[in-house]
Amino acid sequence: LAIDNFKGSYTVSGTTSNLDQYQKILKEEEIIHKRIPVTVPFHSPLLKEGLHDFSYYMQQGIDLVRPKTHYLSGVTSDLLKEIDAEYYSQVVSSYSSHCKTIDFLEQLGPCFYIDLGPSGTSATFTKYSILKTSESSIQPILSPFGNELKQLEKVKSLISNHSSYVI
């Protein structure tokens, strides 16, 4: 299991043969699924082998200063006070629970979630992770429809009314 996206939706990663076997089981059980062709197995221990150069680079005098705002880890679903050189290696090679992270934030009160990814996937995952009664807002920026400037203006007008947590 690589990521719990939201209730009933998760992502797995593994070797091609392991994924072939898992996909066969899903088909036999008539479980809706989609295999996404990727070249990098994010959120998987399989990625650790390729992180040696990255880890070496991160330890070569890059100063990671204490966050000036609250920084929430998607790995631990908890606030971080400090970020060490190995943290980002953990981010890309460890299990992550998007829904648990969102649950943590929702307990703090209404939030303003900004999806900076290219397709709005995080916005969708967040939409299905929060309660329908939540007062939180979700705003994607990038989309295939090319309305990024409009989305940025919307964020600008809404941002002052929300909490100061960053994931």
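This is a short walk through the structure above, from its overall build to a few single residues.

The model is a predicted one, in which local features need pLDDT of at least 70 and side-chain atom pairs count only at pLDDT 80 or more, while totals for chains, interfaces and linings use all residues. Residues are numbered from 1 along each chain as its sequence is written, and side-chain values use heavy atoms, with hydrogens and water left out.

Let's start with the whole protein. It holds 6 helices and 8 strands, taken as DSSP runs numbered from the N terminus (helices are H or I with at least four residues, strands E with at least two). Read from the N terminus, the order of elements is β-β-α-α-β-β-α-β-α-β-α-β-α-β. The C-alpha trace spans about 50 × 45 × 35 Å along its principal axes. Of the 167 residues, 28% are buried; here buried means under 20% relative accessible area, exposed over 50%, and partly exposed in between, with a 1.4 Å probe and protein chains only. The accessible surface comes to about 11800 Å², and carbon and sulfur atoms own 57% of that surface. These areas come from the Shrake-Rupley method with a 1.4 Å probe, and for residues only the protein chains shown count as cover. Among contacts (heavy atoms within 4.5 Å) with a separation of 6 or more, 59% are between residues 24 or more positions apart.

Now turn to the sheet. Three strands make an open sheet with mixed pairing, in the order S2-S1-S5. Strands S2 (9-11) and S5 (96-97) are the edges, and each has a single partner strand, so one side of each is left without a neighbour in the sheet. Helix H4 (residues 98-108) packs on this sheet and touches S1 and S5, its direction making about 60° with that of S1. For such angles, axes are lines fitted to C-alpha atoms, for helices over the stretch in contact, and the values run from 0 to 180 degrees between N-to-C directions.

Strand S1 (residues 3-6) runs antiparallel to S2, joined by 3 bridges, whereas S1 and S5 pair in the parallel sense over 2 bridges. Two strands count as paired if DSSP finds at least two bridges between them. Aspartate 4 has partners on both strands: tyrosine 10 in S2 and serine 97 in S5. Isoleucine 3 stands opposite threonine 11 in S2. The hairpin of S1 and S2 has 2 residues between the strands, and glycine 8 there takes a positive phi near 85°.

Most residues other than glycine have a negative phi. Glutamate 30 and serine 77 are not glycines, yet each has a positive phi of about 55°. Glutamate 30 lies in the loop between helix H1 (16-28) and H2, and serine 77 in the loop between strand S3 (70-73) and strand S4 (78-80). Glutamate 30 is exposed at 72% relative accessible area, whereas serine 77 is buried at 7%.

Last comes the surface. Phe54, Tyr57, Ile62 and Leu64 form a nonpolar patch with about 340 Å² of accessible area together. Patches take residues with over 30% relative accessible area and no salt bridge, joining like charges within 9 Å and nonpolar side chains (Val, Leu, Ile, Met, Phe, Trp, Tyr) within 5 Å; a salt bridge is a side-chain nitrogen of Lys or Arg within 4 Å of a carboxyl oxygen of Asp or Glu. Tyrosine 57 belongs to helix H2 (residues 52-58) and is exposed, at 53% relative accessibility.
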